[in-house]
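Here is a short report on a sheet, a helix and a metal site. Look over the sequence and the model before reading on.

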Amino acid sequence: MRFASLGSGSRGNATLVSSAGTTLLVDCGFGMREAVKRMQTLHMDPATLAGILVTHEHIDHVRGVFALARRFGLTVYMTVGSWLSLKPDPAIEVVLITPEETWSIGDFDIMPVTVPHDAREPVQYLIQTGVHRLGLLTDLGMVTPHVLKRYRQCDALFIECNHDQRMLANGPYPPSLKRRVSGRLGHLSNRQAAELLQTLGTDRLQRLVASHLSEKNNLPELAFDALRPLLDNDESRLVIAQQGRTVDWQSVS
Ligand SMILES: [Zn+2]
Ligand SMILES: [Zn+2]
């Protein structure tokens with residue numbers, strides 16, 4: 001299996017996951033035109049997508065979802081809570097999913113995992129083909145025992161490194177927003193991501209992608225420095241996703 005990022009950060013997130021016969025898009029926080037342009041740089045034709053998985057209703061994850069679905073005739077998968085928040089046009093084919101219940105699309109088995117985040121019914125996804133497992137894990141305010149249990153044995157992991165605690169504390173956000181971001185239903189800091197990896201272990205990880213970095217409250221270097229020691233300083237396994245550009249296809253074998 002392989003995966004790529006169209007970009008990641010507080011202003012837009014979208015991830016492609018592909019196997020021999022199936023390609024999925026997880027979220028589309030970019031407008032349709034921008035998303036299509038970014039997919040083209042990854043040699044991906046949106047018409048060939050097997051569907052769009054939505055994690056939750058925040059605009060940085062859904063901005064382009066319905067326009068893409070309408071334009072290319074794609075099925076959208078989401079929880080009831082996301083559906084209630086988004087109220088999609090009935091003309092769009094939506095499949096409602098149940099957290100913690102695995103289902104399949106083409107070559108993939110997909111497990112939506114419940115996470116603590118300030119959305120109506122947010123999930124993150126474990127996506128598996130035969131023996132390989134990719135974990136997507138952003139937009140959560142804290143690491144719960146449930147998350148720890150689910151995200152063991154990943155071969156590749158997108159992990160949220162939203163903010164550096166010091167930059168957030170000293171940064172430009174108003175106090176209420178600082179509390180929201182660092183709160184239990186907010187976003188993971190670099191340090192929380194590192195602690196999660198410490199607990200999970202990284203021996204099996206072929207690729208670790210630091211994602212959802214805040215442009216105001218984090219720096220790629222800080223995320224890099226926080227995670228690199230967890231990989232025994234093996235930088236070749238570590239990628240920092242950014243808002244303005246794609247992460248090229250990464251293979252898991
Ligand atoms: Zn987000
Ligand atoms: Zn969110």
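H61 is buried, at a relative accessible area of 1%. Buried means under 20% relative accessible area, exposed over 50%, and partly exposed in between (1.4 Å probe, protein chains only). D60 is buried too, with 8%.

This is a predicted model: local features need pLDDT of at least 70, side-chain atom pairs count only at pLDDT 80 or more, and totals for chains, interfaces and linings use all residues. Residues are numbered from 1 along each chain as its sequence is written, chains are lettered from A and ligands numbered from 1 in the order in which they are written, and side-chain values use heavy atoms, with hydrogens and water left out.

**Metal site**

D60 (OD), H61 (NE2), D139 (OD) and H212 (NE2) coordinate the zinc ion (ligand 1) at 2.1 to 2.2 Å. Donors are N, O and S atoms within 2.8 Å of the metal (3.2 Å for Na, K and Ca); water is not among the atoms, so sites may look incomplete. The sequence spacing of these donor residues is D-H-x77-D-x72-H. The four donor atoms subtend angles of 91 to 166°, so the arrangement is irregular. Four donors count as tetrahedral if all angles lie between 85 and 135 degrees; four count as square planar and six as octahedral if opposite donors are over 155 degrees apart and all others between 65 and 115; anything else is irregular. D139 also bridges to the zinc ion (ligand 2), and the two zinc ions lie 3.5 Å apart.

**Sheet and helices**

Seven strands form an open, mixed sheet in the order β6-β5-β4-β3-β2-β1-β14. Its edge strands are β6 (94-97) and β14 (247-251), each pairing on one side only. Two strands pair if DSSP finds at least two bridges between them. Helices (H or I, at least four residues) and strands (E, at least two) are DSSP runs, numbered from the N terminus. Strands β2 and β3 run antiparallel, joined by four bridges. L16 stands opposite L25 in β3.

| Helix | Lies across | Angle |
|---|---|---|
| α1 (residues 32-41) | β1 (2-7), β2 and β3 | about 140° to β1 |
| α3 (residues 65-72) | β3, β4 (52-53) and β5 (76-79) | about 145° to β5 |

Axes are lines fitted to C-alpha atoms, for helices over the stretch in contact, and angles run from 0 to 180 degrees between N-to-C directions. Contact means heavy atoms within 4.5 Å.

The buried residues of α1 are A35, V36, R38 and M39. They fall within an arc of 165° seen down the axis, so they line one face of the helix. The arc is that of the directions from the helix axis to the C-beta atoms. These buried residues pack against β1, β2, β3 and α3. On the other side, R33 and Q40 are exposed. Just after α1, H43 takes a positive phi of about 60°.
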